[in-house]
Amino acid sequence: MTTPTTASAPMGPGAPALRPYQRAAVDAVLAARRRGVRRMVVCLPTGAGKTVIFSHLARLARRQVLVLAHREELLFQAKDKIERALAGQATVAVEQGELRAPADARVIVCSIRSLHEKRLEQVTGGRDIGLVIYDECHHAPADDNRRVLRQLGAFDPAWTGTLLGFTATTARGDGKGLDDVFEAIVYSRSLPEMIADGYLAPLTGYRVATATDLSPLAAGGLDFATDELEEAVDMEERNALVARSIQELARDRRTIAFCVTVAHARNLSKALNHLGVRSAYVHGDMPSDLRGRILADFREERVQVLTNVAVLTEGFDDPGVSCIAMARPTRSDGLYAQCVGRGTRLHPGKKDCLILDFVDLSSLQLCTLPSLFGMPRDLDLEGRDASEASRFFRQVTFDYPGFEVEAGRITLREIQERAAHFDPLSLRVDPEVMAISRNAWASLGRFGLALHYERKPGAISEVVVLARGARGKRWHVLLDGKQVERFSTLEEAVAAVDYEVARRGPAAGASARHDAPWRKAKAPVPLPAEPPRGHPPPSTMEQAMILAVWARVAAPR
């Protein structure tokens, strides 16, 4: 792709004007290409107008353009918007099934599933393709999709084209990273940012607890196995609870419910209809004409609730949807964000989108609306706005550094009350640490542990074991502020510190114990650090030393 130096060329009369962030995305793509980046990604949430952006880039391209998409709906949405951007100045054609793009097509919108080796040769033969746009590019690492990109030459060192991917999520269920295909994410905006700027609808939410136990399900992988999950959640009692909750909380909102399997979607639809809530279900293997009729009934409000399996996570554009019911639990942040994104588009008369999280019993981390906004997963918003709740939660954590919310259902009011009574000295050391150490380790919550001892009478040394990073040797040991070692597990770090303290002699070893006399001495004046907000001044030397460490590691950054 020979890139222009500006993104300001006039659009066609029917094309939408670029929003500021869309223009910034176009500029970022052009700047990256000038730097030599050939395979890049733009990551924007559903409803941000990704098609508008790549339509503008298709218009700017000086060579022919190939657009790759996975769903039929995406093909024709892309064709329509690119045609408006080009204002009839060039041919835009679809290549899918029996449809063939004419030789003079400037932009070819292709179903990637149709591009077997011979057909791809026919599509590219005689054409000078300089820009390949890949919509929903989180699918790119799949083997057959990589085969298409490889055949296009995207991985050849001498390739002069540009591969530009668009997605709402860079996460995949199989754990494969986009860096297997792309070189860089050149522009991104988060869902909370887009809502805060007024480009997407505010999200409100309720947490609905079920009695379904997911603990027997396999914990491996990035999400639950479909067959196991279906067996656990497609139960008459749970479906009835979900249906009643939709009836009571969604009321007259047009609702999409995400399910695990076709049978689950069908059974939930039956439960809704039994309550008098007009419902239908759709799935990927349904004939396209039948699915089209059902979607039309939904748009025209002859159906209020649409249950589905995966088919509406991508390429479905219905701004009037104002409730998402997550009837299928997931551990995948990417899948959850895609589902929620079906309700984020703005629409006349639509004030917000309600998210119903059906939370089953599980020790694993289930995705919920609060977790999408950086709040505790088990928080019940009780119908409140997620953005406002997030601002409130950030203020609480700023006012009370280090405060941690324990697992289990909790409300914003309860968080505020517990934060006001939070005492760092009440944190308990993990039983695994207590089982291997006789020393007076102090808990620093999620940050790690601290131990104080006398290296000589009256001279106290401080050892801190801090969690940094998520993998490898993530436990860093600091002695009097200087890093001395790293370990893979907390227990290894504790055992190593205990060994080194004991090597310093019987007096040092004894001073690290709980009953060391120096610990009960009066707190020094002045204190080494101010106590946390609302916390009384420490009365002993040990309390003063622990609070001093806490003030450093928990301070807002």
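**Reading burial, sheets and helix packing in a predicted model**

Q: Is Asn 308 buried or exposed?
A: A residue counts as buried when its relative accessible area is under 20%. Asn 308 has a relative accessibility of 0%, so it counts as buried. The model is predicted, and the values here are computed from it.

Q: Where is Asn 308 placed, and which residues does Asn 308 touch?
A: Asn 308 belongs to strand β11, which covers residues 305-309. Leaving aside residues up to four places away in sequence, Asn 308 touches Ile 256, Ala 257, Phe 258, Cys 259, Ala 265 and Val 282.

Q: Is Ala 25 buried or exposed?
A: The same cut-off of under 20% applies. Ala 25 has a relative accessible area of 0% and is therefore buried. Ala 25 sits in helix α1, residues 20-34. With residues up to four places away in sequence not counted, Ala 25 touches Val 42, Ile 53 and Tyr 187.

Q: How far apart are Ala 25 and Phe 224 in sequence and in space?
A: Separation can be given along the chain or through space. Ala 25 and Phe 224 are 199 residues apart in sequence, and their C-alpha atoms are 35 Å apart.

Q: How many bridges join β1 to β7?
A: Strand β1, residues 39-43, runs parallel to β7 and is joined to it by four bridges. Met 40 stands opposite Ala 184 of β7.

Q: What do β15 and β16 form?
A: A hairpin is read from its two strands and the turn between them. Strand β15 (residues 448-456) runs antiparallel to β16, with eight bridges joining them. Together β15 and β16 form a hairpin with two residues between them. Gly 458, in the turn, has a positive phi of about 85°. Lys 456 has Ala 459 of β16 as its bridge partner.

Q: Which residue of β17 is the bridge partner of Ala 467?
A: The partner is Trp 475. β16 also pairs with strand β17 (residues 475-479), in the antiparallel sense and over five bridges.

Q: How many of the nine residues of β16 are buried?
A: Seven of the nine residues in β16 (residues 459-467) are buried, so this strand is largely enclosed by the rest of the structure.

Q: At what angle do the axes of α8 and α9 cross?
A: A helix pair is described by the approach of its axes, their angle and the handedness of the crossing. The axes of α8 (residues 236-250) and α9 (residues 262-274) come within 9 Å and cross at roughly 55°. The two helices are therefore oblique to each other, and their crossing is right-handed.

Q: Which residues make the contact of α8 with α9?
A: From α8 they are Arg 238, Asn 239, Val 242, Ala 243 and Ile 246. From α9 they are His 264, Asn 267, Leu 268, Ala 271 and Leu 272. By class, this contact has six nonpolar, three polar and one charged residues.

How values were computed
Residues numbered from 1 in each chain as written. Predicted model: local features only at pLDDT ≥ 70, side-chain atom pairs only at ≥ 80, totals over all residues. Heavy atoms only, no water. Axes fitted to C-alpha atoms, helices over the stretch in contact; angles between N-to-C directions. Parallel < 35°, antiparallel > 145°, perpendicular 65-115°, else oblique. Left-handed = near helix turned anticlockwise from the far one by under 90°. Contact = heavy atoms within 4.5 Å. Nonpolar A, V, L, I, M, F, W, Y, C, P; charged D, E, K, R; others polar. Pairing = 2+ DSSP bridges. Buried < 20%, exposed > 50% of the residue type's maximum accessible area, 1.4 Å probe, protein only.
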